[in-house]
Amino acid sequence: MMILGSHVKMKAPLFVEGSVLEALSYQANALMLYTGAPQNTKRLPMSELHVPEALNLMQENGIANENLIVHAPYLINLANSVKPEVGELAVSFLQSEAERTAALRARYLVVHPGSYTTADLDTGIATAIAHLNELQELPDGVVICLETMAGKGSEIGFRFEQLGTILKQLNQPEHFGICLDTCHIHDAGYDLHDFDAVLQEFDQAIGLEHLKVIHLNDSKNPCGSHKDRHANIGQGTIGLELLKKIAHHPRIEGKPTILETPYIDDEPPYAEEIALLRD
C-alpha cells in the first residue's frame with residue numbers, strides 16, 4: 001500500500017486537528033507538519049494543539065501514527081562549529097522537538113544535518129556527530145531522520161557516505177534514521193533514472209533498514225546542480241514518470257512519502273499531485 005501525503009499547515013484555531021483535516025482533503029494517508037514556526041523557537045504548549053482530536057481523526061480515517069511526520073525547524077544547525085551558541089541551541093531545541101514529537105505520538109522527526117559555514121566538510125560532519133551525541137535519552141519510539149541534502153553552500157549530508165559516517169558513530173543508534181529527498185539527491189548528482197543503483201549505493205553506505213521517510217519532489221535544476229529548488233510533480237527535470245516509478249518502487253513500499261512541492265497561484269497542489277502519483 002502506498003503511504004502518500006504532503007506537508008500541511010499547523011495553525012490556529014484547530015492546530016494539529018486542522019492539519020489532519022487538510023491532509024484528508026487531499027485524499028492523503030500521511031502528513032508532515034512543523035510543531036511551530038520553522039524560522040523561530042516560539043512554541044505553544046502541546047496541550048493547546050488539539051492533539052487528542054487529531055489522533056482520533058487519524059484513527060477514524062486509517063492514518064497510522066507513524067505516518068504523521070514532524071519536521072524540525074530550519075534554524076537547527078548541528079554542523080556549526082564556528083559559533084558555539086548555535087550548536088547549543090541545535091542540541092536543546094532538537095531535544096525539545098523530539099519530546100514534542102513523542103507528545104504527538106508520532107514516530108519520525110526529520111532534521112537537516114546542517115552546514116559547516118566557514119569551517120570544512122570533515123569538521124562539519126564531526127561537529128554534527130558530537131552535537132547529536134549530546135542529546136539526552138530520547139523518548140521511546142522517536143526516530144530522528146537526517147535528511148539527504150543537495151550540497152548547496154556548505155551543507156553536509158549530500159553524499160550517502162557522509163550520512164553513513166554520522167549514523168555509525170551515534171550513541172543512541174536506535175533513535176536515528178534517514179529521510180531521502182528526491183530533489184535533493186538529484187541535485188546532489190545521483191541519477192534517479194537508475195533508482196535501483198541509487199538504492200544499492202544507499203544500502204552499501206548506510207543500510208536500507210535506516211531509510212524511514214521519503215520526500216518526493218521534482219527539481220527545477222539539472223542533476224548535479226547542487227541548487228535545492230523543488231518543482232511541482234511532473235514539471236521539473238526529474239519528471240512525472242520517473243517520480244511515479246520511485247513512488248511505486250517495491251524496495252521502499254510502505255514507507256511514508258511526503259510531497260513538499262510549491263503552491264500554484266497560492267493554492268496547494270497536493271490533491272492533484274497525489275492523484276497523479278497513485279494513478
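Okay, let's start at glycine 5: in strand S2, the residue standing opposite glycine 5 is alanine 30. The S1 and S2 strands are parallel, with 3 bridges between them, and strands count as paired here if DSSP finds at least two bridges. Getting from S1 to S2, the chain goes through H1, and that β-α-β crossover is right-handed. Right-handed means that, with the strands pointing away from the viewer, the path from the first strand over the helix to the second runs clockwise. The H and S labels are DSSP runs numbered from the N terminus, helices being H or I with at least four residues and strands being E with at least two.

Quick housekeeping. This is a predicted model, so local features need pLDDT of at least 70 and side-chain atom pairs count only at pLDDT 80 or more, while totals for chains, interfaces and linings use all residues. Residues are numbered from 1 along each chain as its sequence is written, and side-chain values use heavy atoms, with hydrogens and water left out.

Back to the sheet. Strand S1 (residues 4-7) also pairs with S10, again in the parallel sense and over 3 bridges. On that side, glycine 5 faces isoleucine 258.

Now over to S5. What are its strand neighbours? S4 runs parallel to S5, joined by 4 bridges, and tyrosine 108 sits opposite valine 143 of S5. S5 also pairs in parallel with strand S6 (residues 176-181), over 4 bridges, and there glutamate 147 has cysteine 179 as its bridge partner. The chain passes from S5 through H5 to S6 in a right-handed β-α-β crossover. S4, H4 and S5 form a right-handed β-α-β unit too.

So is S5 buried or exposed? 5 of the 5 residues of S5 are buried, so the strand is largely enclosed by the rest of the structure. Buried, by the way, is under 20% relative accessible area, exposed is over 50%, and partly exposed is in between, using a 1.4 Å probe and protein chains only. Both faces are covered, with Val143, Cys145 and Glu147 buried on one side and Ile144 and Leu146 buried on the other.

Next, helix H3 (residues 84-103). It has 20 residues and spans 29 Å from first C-alpha to last, close to the 28 Å expected at 1.5 Å a residue; that expected span is 1.5 Å times one less than the number of residues. Its buried residues include Gly87, Ala90, Phe93, Glu97 and Arg100. What do the buried residues of H3 pack against? The partners are strand S3 (68-71), strand S4 (108-111), helix H4 (121-132) and strand S5 (143-147), with contact meaning heavy atoms within 4.5 Å. Just past H3, arginine 105 has a positive phi of about 60 degrees.

On to the rings. How many aromatic pairs does a search of the whole structure find? There are 5. The criterion: rings of Phe, Tyr and Trp (its six-membered ring) pair if their centres lie within 6.5 Å, with planes under 30 degrees apart called stacked, over 60 edge-to-face, and the rest tilted. Tyrosine 26 and tyrosine 270 are edge-to-face, at 5.6 Å centre to centre and 65 degrees between the planes. That pair links distant parts of the chain, 244 residues apart: tyrosine 26 is in the loop between helix H1 (16-25) and strand S2 (30-33), and tyrosine 270 is in helix H9 (residues 270-278). Phenylalanine 160 and tyrosine 190 are stacked, because their ring centres are 4.2 Å apart and their planes are at 20 degrees. Ring pairs also join Tyr26, Tyr263 and Tyr270 into a cluster.

One more side chain: histidine 249, in the loop between helix H8 (240-247) and strand S10 (257-259). Histidine 249 is buried at 11% relative accessible area. A polar atom of its side chain lies 3.1 Å from the backbone nitrogen of arginine 251. Leaving out residues up to four places away in sequence, histidine 249 touches Phe195, Asp196 and Leu199.

Most residues other than glycine have a negative phi, and most peptide bonds are trans. Here, the bond from alanine 12 to proline 13 is cis, with omega near 5 degrees, and proline 13 is in the loop between S1 and H1. Glutamine 27 has a positive phi, near 60 degrees, and is exposed at 59% relative accessible area. Histidine 50 also has a positive phi near 60 degrees, but counts as partly exposed at 24%.

Notes:
Polar contact = N/O pair within 3.5 Å; in protein donor to acceptor, adjacent residues only side chain to side chain.
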